[in-house]
Amino acid sequence: MEKNDFLSKIKLYFEEEPDIEKLNYTVKFIDLDFWDSIAKFKIISFVEDETGVLIEEEKMMSFFTLEELYNYIIKNIK
Amino acid sequence: MKIGINAISYYLPDNVLLNEELSANFPEWSSDSIQRKTGICQRHISNESESTSDLAIKAVNSLITNYNINKQYIDFIITCTQTPDYLIPTTACIIQDRLGLSKSCGALDINLGCSGYVYGLSLAKGLIHSDSAKNILLITSDTITKFIHNDDKGNRSLFGDAASATLLTSDDNSSEIGKFCFGTDGSGYDNIIIKNGGSKNRVLNNKTIKENNGFIKNDDYFFMNGKNVFQFVTKNVPKLINEVLEINKINKDEVDLFVLHQANKQMLDYIRVKMNLPKDKFFIYLDSCGNTYSSSIPIALNEAIIQGKITKGSRVLLAGFGVGYSYSAVIVDF
């Protein structure tokens, strides 16, 4: 998935979050108000739905930014 | 002759648990953040002396009063509950007696949670279609909060107690229940579970473990693996919705309102975005009662009717999913 498309699609799933516009490839997840366990579940489901890449919860917790997550997906996409 | 929903009512216990009270107990969660994450402002909690049949009776009495129903015409009761008054006997039998219904009335319980209402509709439709019953009372009632540990902040913030009552009949003026889709994946049985107290683990052990993430686990109480359930739902419910549309030979644009099990706002939003469904056709009713387990669909349905979102001629898709894992969907033409 193309990088800008990936970001804009993720944003759709968080469209009701007040600070969703802060999400970009470099902002740290923990600096986003909406970042919590449900946000992680949503991203894990989104990544599997859109790319087929399965991410374990512990692995997800190891990513600090969307850039790190995206790079992992690109490496693991089949 | 059409077989469908003729009347519907619900009951919520008087006692209310507000986000502010949860926040006072769990200061790491503000009341605003609970509301934002769950879509819930308050849940109704049965008091110690209020049982599942008590809630059910109140829902049925509301139905009888609101629609001026002669209860002697009711010839079958289906009660959907996972929190019965007793392990034995069947709660539906207790309700038959307490309501003073005819002794020729059939009565059974369905042990299902959030998918149970749609399953109940299918059983009722089958009974009427086979000429085994004419006026069926479908009850959903759960006092799930009695089985949630006081320190379980996640589930306490989500769930509330409630009961609903629906009358199903066959007549030209009623709504028409279409074809159903069902699904089961019992491999997920332990993702929503009360492990102790049944025949497998008869003895309660009152052992609470505090996990690294700050949540607690006690096998005597209700447990839900949020991540696994979220993934199960977001993967399977869109497929279920597409299947029920296909089997009823309609496309999603022809549905006037989608009424899904009111699990939590995040999960419902995910399904809506994934399926590209318009917000105004996707009914959410969580703020004033939370996730009411087996009653969430009939409560939402009733509220959608009250709010005028469902009127004569509306086509509604119902989908239930959860504990089991069990899932089910149907189209109802009002």
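Because the model is predicted, local features need pLDDT of at least 70 and side-chain atom pairs count only at pLDDT 80 or more, while totals for chains, interfaces and linings use all residues. Residues are numbered from 1 along each chain as its sequence is written, chains are lettered from A and ligands numbered from 1 in the order in which they are written, and side-chain values use heavy atoms, with hydrogens and water left out.

**Where the two chains meet**

- The size of an interface is often given as the accessible area lost when the parts come together.
- Here about 1,700 Å² is buried between chain B and chain A, and carbon and sulfur atoms give 51% of that area. Buried area is the accessible area (1.4 Å probe) that two parts lose on being put together, summed over both.
- Between the chains there are 12 residue pairs in polar contact, both residues being at pLDDT 80 or more. A polar contact is a pair of N or O atoms within 3.5 Å; within protein, one must be able to donate a hydrogen and the other to accept it, and residues adjacent in sequence count only if both atoms are side-chain atoms.
- Helices (H or I, at least four residues) and strands (E, at least two) are DSSP runs, numbered from the N terminus.

**Salt bridges**

- Over all chains the count comes to 18 salt bridges, each a side-chain nitrogen of Lys or Arg within 4 Å of a carboxyl oxygen of Asp or Glu.
- Eight salt bridges are counted between chain B and chain A.
- One of the pairs is B:Arg272 with A:Glu15, whose side chains meet at 3.0 Å, N to O. This pair joins two chains, because B:Arg272 lies in helix H8 of chain B and A:Glu15 in the loop between helix H1 (3-13) and H2 of chain A.
- A:Asp36 and B:Lys37 also meet through their side chains in a salt bridge, at 2.6 Å, N to O.

**Spaces inside the model**

- The structure holds one cavity of 30 Å³ or more. On a 1 Å grid over the protein atoms alone, a cavity is a set of points where a 1.4 Å probe fits but cannot get out, and a pocket is an open set with protein on both sides within 12 Å along at least five of seven lines; lining residues have an atom within 4 Å of a point.
- The largest cavity has about 30 Å³ of space. Grid points are joined across faces, edges and corners, and a volume is the space filled by probe spheres set on the points.
- Its lining is made of A:Ser45, A:Glu48, A:Asp49, B:Gln231, B:Thr234 and B:Lys235, and it divides into three polar, three charged and no nonpolar residues.
- The second largest pocket holds about 1,100 Å³ of space. Of its 36 lining residues, the closest to its centre are B:Gln82, B:Leu87, B:Ile194, B:Asn196 and B:Gly198.
- That pocket's lining has 17 nonpolar, 11 polar and eight charged residues.

**Backbone details in chain B**

- The peptide bond from B:Ile88 to B:Pro89 is cis, with omega near 5 degrees. B:Pro89 sits in the loop between strand E4 (76-80) and helix H4 (91-99) of chain B.
- Another cis peptide bond runs from B:Gly324 to B:Tyr325, with omega near -10 degrees.
- B:Asn276 has phi near 55 degrees, a positive value in a residue other than glycine.

Notes
Ala, Val, Leu, Ile, Met, Phe, Trp, Tyr, Cys and Pro count as nonpolar, Asp, Glu, Lys and Arg as charged, and the others, Gly among them, as polar.
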